[in-house]
Structure formats: structure tokens, C-alpha cells
Amino acid sequence: MQNLQGKTRHFILKYQIVSEQTNYGILSFDDVTELNLLKLFDGRETLNDDKNQNSKAMLDLLEVVQRNSAKIGIHNYYKGLSITNDAIISDINEGFVTIKTPFLQQKAVLFEKKTILSSEAFPQDILCEEIGKVDFEKQIVTLKSLKFIKTSPTRRKTIRVTPGEKQTVSLFMGEIKFHGDIEIEDISLYSVRLRLNALPAGLQKDIPVILDMVLELDKKPLIIHTTAAMLRKSESRHSFSVVFIFQDFKQNDLIKYITSRQMALIREIKGL
Amino acid sequence: MDKNHKVIYDDGTRKCVMFSFDDESHEDSFLSVNQYLIVQNGVGILLDPGSVAIFDELYDAVSEHVEIQNIKYVFLSHQDPDVSGSIAQWAISTNAKFIMSSLWVRFMSHYGFTQMDRVMSLSDKGAKLKFGDDYLHFVPAHFLHSPGNFSLYDAKSKIVFSGDIGAAIVNAPESYKTVENFEEHKKHLYGFHKRYMGSNKLCRAWVAKIEKLDVKTIAPQHGFLFENENVTNFLEWLRELECGSDFIDELY
């Protein structure tokens with residue numbers, strides 16, 4: 001129930017018999033919110049309350065930021081290319097927030113169909129999962145479905161990009177080559193994420209594998225031969241995604257490759 | 001350590017290193033370029049790291065003095081390619097923040113850099129940054145030559161990293177040189193400063209700022225270091241220099 005200030009509180013309804021008065025009693029509400037017991041009685045309602053309180057707190061924060069005309073950061077990723085700019089909140093309404101941000105960022109938002117907002121005023125980054133109107137003339141974007149997120153790609157320590165079309169990769173476990181379908185999802189200076197149609201038998205965290213990758217740099221093949229160790233794996237409907245950490249690889253060529261790939265991605269998004 | 005890098009200050013806790021890597025593919029239009037590194041407690045700030053052409057060599061040389069991942073800041077005095085051209089490479093290979101004039105932030109995407117949240121942009125008046133026990137001062141040097149331009153003063157080593165101010169057109173640096181005869185060196189300074197610097201008024205404004213600091217060395221991005229009495233000699237020379245718009249009739 002909400003109290004007079006509109007804040008959700010947990011009340012217990014109490015019935016007390018009045019002594020020596022037959023058929024009479026006293027009903028009262030006791031506010032026991034501080035005891036934090038609601039989740040014992042109604043877990044789902046607690047989650048909803050938290051969500052509502054977070055949404056309210058978030059909107060309050062965004063309003064403060066808007067009132068102060070403070071800039072916030074807006075972050076998108078185009079095939080791994082980080083595109084970050086400043087934004088100004090121009091309107092806040094029930095359920096959506098309108099921001100003003102540069103043209104390239106608008107394009108990135110439109111491509112990714114979601115975005116992340118950051119500010120020193122926020123306790124955590126805010127993920128916007130739904131994009132409303134994108135008006136290139138007025139340079140505004142309307143964002144919906146906002147929520148605080150505990151982990152954010154803005155905290156990535158390394159840049160990782162999707163490779164160009166010309167790529168091959170082979171995975172060896174000892175002398176045995178994995179013969180399934182395999183491709184590079186993204187690559188950074190320290191790791192590579194591979195998509196496989198099956199998991200090789202015996203693939204485990206501590207067992208080193210050998211990766212042979214051929215990428216293209218300045219129209220020449222860039223060969224990367226390294227041992228690597230699995231960091232984590234995840235499964236989707238038709239494939240597995242496995243992240244490998246490089247173990248003995250000189251990074252200079254990869255710096256060149258990732259820089260060149262970034263330039264290509266900048267040209268690509270500008271041409272969209 | 002080879003001839004391309006030299007420690008110019010080391011008090012046991014702070015170290016300043018001068019590098020000189022050039023794009024050797026363009027020796028016919030040669031202008032020697034200096035890059036600098038300040039290190040304290042294993043943490044580094046890299047100054048004007050230069051173009052893509054020298055990235056590999058500078059990367060290897062810098063890693064002899066500091067772990068690349070421990071470079072916390074990269075300072076770009078202005079936007080020129082021989083200063084900022086490798087920003088994307090340094091962004092990939094470090095987690096550093098990039099310190100530059102707010103005027104040039106939007107132009108950095110032309111070098112392949114798009115992570116604007118990693119930029120600490122400087123407003124025109126400059127800023128102070130705590131580094132180790134002391135401060136680094138970002139001193140305005142606008143229109144000398146870039147419209148958004150800063151020198152960096154390290155209060156510990158008492159070095160002014162002056163960017164293009166003090167630059168000299170000299171031959172390839174076979175060995176590291178400090179200006180020994182200022183009168184002789186003036187001819188290497190004049191042509192560059194006359195054409196590249198904004199005006200005498202701007203030179204005076206910068207000199208006035210620098211004279212308030214305790215300076216032992218001026219370290220330009222091209223040419224030789226000014227030490228001890230040559231700091232004063234250079235500042236006096238620059239204060240009186242007519243340049244840029246002072247020669248407007250020659251230019252238009």
C-alpha cells in the first residue's frame with residue numbers, strides 16, 4: 001500500500017478484541033516496512049515495488065540532471081566500435097526520456113536499437129532497451145524501457161571488434177583439429193570470442209588450446225598463431241560462444257588490425 | 001637503451017624520458033619530432049605520442065620505462081598528426097584517459113578514435129592535475145601555433161613541455177642535443193616561429209605565464225632542449241618575436 005507521500009509501505013492489518021465488549025474489535029494498520037518482511041509474504045510484489053522505486057528514483061535523478069542542464073554520456077557499440085558522445089535531456093515524461101545528441105550517435109542508436117546512459121550523478125549506468133522516435137533534424141532521440149544495470153560494457157577494459165569478412169580460424173586441442181563450423185565473433189588484444197556449432201570434446205578451462213587465425217590487414221593476410229585458454233562459454237539455440245584468452249602473443253600486429261578495423265567500421269557507420 | 005630515448009630527469013621517484021622517433025619514409029621533408037614520458041610510482045603519462053608511422057617503435061621504447069597498461073594519461077598538446085595521429089592505437093593498447101583542448105575532441109574520430117568518454121577535455125584557461133606528490137599544470141598556449149593549444153608544466157622536474165613553442169628546424173637528431181649556443185640556435189628557431197606562431201601579443205601572454213613558474217628546462221616537440229640560462233634566453237627572445245599576424249601584409 002502507498003502512504004500519504006505516495007511511497008510504497010508494508011502494512012500488517014491487526015485485529016484486536018475489545019475485552020468485555022462482545023462482537024467488537026479494533027482493526028489497525030501497522031507499518032512494518034522497516035522489518036523488510038514483505039518478501040516472505042509476497043516475493044513478486046517486492047520485486048515490483050523495487051522496480052517501481054528504482055524507476056521513480058531514476059526519473060527523479062534524470063529530472064535533477066535535466067534541471068541542471070548537465071551533460072550525460074551516451075554509449076553505443078557498432079560491431080564493437082565504441083561510439084560515445086554527450087547528450088542533454090530535453091524532455092522527461094511518464095515512461096520515456098528525450099535526449100539531444102549528435103548525428104553519428106543517433107545513427108548508432110538506431111543501428112543498435114538500444115543505448116546506455118552514464119553520468120557521475122547516476123549510481124549505475126542506465127540501459128534503454130527500447131528506442132522511440134529518432135529525429136535527425138532536431139537531433140533528438142526518444143528512449144523507453146529504462147533501467148539501472150549492474151554490469152555495463154562501458155566498463156570494458158579493452159576494445160573488441162568484429163572482424164572483417166575475410167577470416168578463418170582453426171582450433172587445435174593438442175594435435176587434434178576441431179572439424180566443426182567455427183568463426184570469430186569478436187577479437188581484442190587479449191582475447192577472441194569464437195562461435196562454434198559444437199563444443200570440442202575435452203574443452204575445459206585449464207587445458208590450453210592452439211588457435212590459428214588468418215585475418216586481413218592492408219589487403220595482406222595477418223596470421224595469428226597462439227596458445228589460448230578458455231575463459232567462459234555460453235550456449236544459444238544453434239551454437240556455442242566461447243571466449244579464449246591469448247597466452248603468448250605479441251600484440252603489435254593486433255593493435256594494427258584493430259585500429260584498421262575501427263577505421264573501416266567508422267567509414268561503414270558513416271555510410272549507413 | 002638506444003639513441004632514440006634519453007632520461008632527461010630522474011630523482012629516484014620521478015623520471016622524464018625524451019624519445020625521438022620520426023617518420024623515416026619522409027626524410028626529404030624532415031622535421032625531427034620529440035615525444036616525452038613522465039613516470040612516477042610505475043604510472044606514466046605520455047606526451048604528444050605522434051603519428052601512426054612511429055607507433056610501433058615508440059610503443060617498444062615506452063615499455064622499457066613503464067608497463068604500457070600503466071599509462072594513465074596521454075596528453076596531446078594540440079591536434080596535429082605528428083602529435084595526435086596515433087590516438088586510436090594508444091586507445092587500443094592502454095586504458096589511458098586522453099587530455100586535450102576541448103576544441104579538438106570532435107576531430108579525433110578522423111584518427112579513428114570514437115571513445116569520447118575517455119577524453120578529459122581542457123577548457124581554454126587550462127587545468128591542474130595531481131600526479132604523484134605534485135601537480136601537472138596545463139598552461140594555455142593558444143595560437144602558438146594551434147588555436148587550442150597547451151603546454152604542460154611538471155612541478156616536480158620543473159620542465160615545461162612546450163609543444164611547438166621552441167621548435168627548431170634542425171637535422172636528424174643523431175644524438176640528443178641541448179641548446180648550447182643560443183645566439184647560434186636562433187636561426188633554427190626563427191623561420192618556424194615567424195610563420196607558425198600567431199602573433200607577438202600571444203607570445204608575450206605565454207611568456208608571462210611561464211615566467212611565473214620555476215622552470216629549469218623547456219622541452220619542445222621539435223628540436224633541442226633549453227636548459228638553465230637558455231630558458232631565460234629563449235623566453236626573452238620569444239617575448240620580442242614578431243610573428244604571424246604581425247606580418248599580415250606579407251601573408252595577404
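Q: Before the interface, what does contact mean here?
A: Two residues are in contact when they have heavy atoms within 4.5 Å.

Q: And what sort of model is this, with which numbering?
A: This is a predicted model, in which local features need pLDDT of at least 70 and side-chain atom pairs count only at pLDDT 80 or more, while totals for chains, interfaces and linings use all residues. Residues are numbered from 1 along each chain as its sequence is written, chains are lettered from A and ligands numbered from 1 in the order in which they are written, and side-chain values use heavy atoms, with hydrogens and water left out.

Q: What area is buried between chain A and chain B?
A: About 1,700 Å² is buried, and carbon and sulfur atoms give 53% of that area. Buried area is the accessible area (1.4 Å probe) that two parts lose on being put together, summed over both. Within chain A, the most area is lost to chain B by Ile159(A), Asn252(A) and Ile255(A), which together make up 27% of what that side buries.

Q: How many salt bridges join the two chains?
A: The count between chain A and chain B is one, where a salt bridge is a side-chain nitrogen of Lys or Arg within 4 Å of a carboxyl oxygen of Asp or Glu. Its partners are the side chains of Lys256(A) and Asp56(B), at 2.9 Å from N to O.

Q: How many residue pairs are in polar contact across the interface?
A: Five residue pairs are found, with both residues at pLDDT 80 or more. A polar contact is a pair of N or O atoms within 3.5 Å; within protein, one must be able to donate a hydrogen and the other to accept it, and residues adjacent in sequence count only if both atoms are side-chain atoms.

Q: Where does Tyr9(B) sit, and what does it touch?
A: Tyr9(B) is in strand β1 (residues 5–10) of chain B. Leaving aside neighbours within four places in sequence, Tyr9(B) is in contact with Arg14(B), Lys15(B), Cys16(B), Lys156(B), Ser157(B) and Ile159(B). A polar atom of the Tyr9(B) side chain lies 3.4 Å from the backbone oxygen of Lys156(B).

Q: Which peptide bond is cis?
A: The bond from Leu144(B) to His145(B) is cis, with omega near 5°. His145(B) lies in the loop between β9 (134–140) and β10 (150–154) of chain B.

Q: What about the phi of Ser145(A)?
A: Ser145(A) has a positive phi of about 50°, although it is not a glycine. Ser145(A) lies in strand β8 (residues 140–148) of chain A.

How values were computed:
Helix = DSSP H or I, 4+ residues; strand = E, 2+ residues; numbered from the N terminus.
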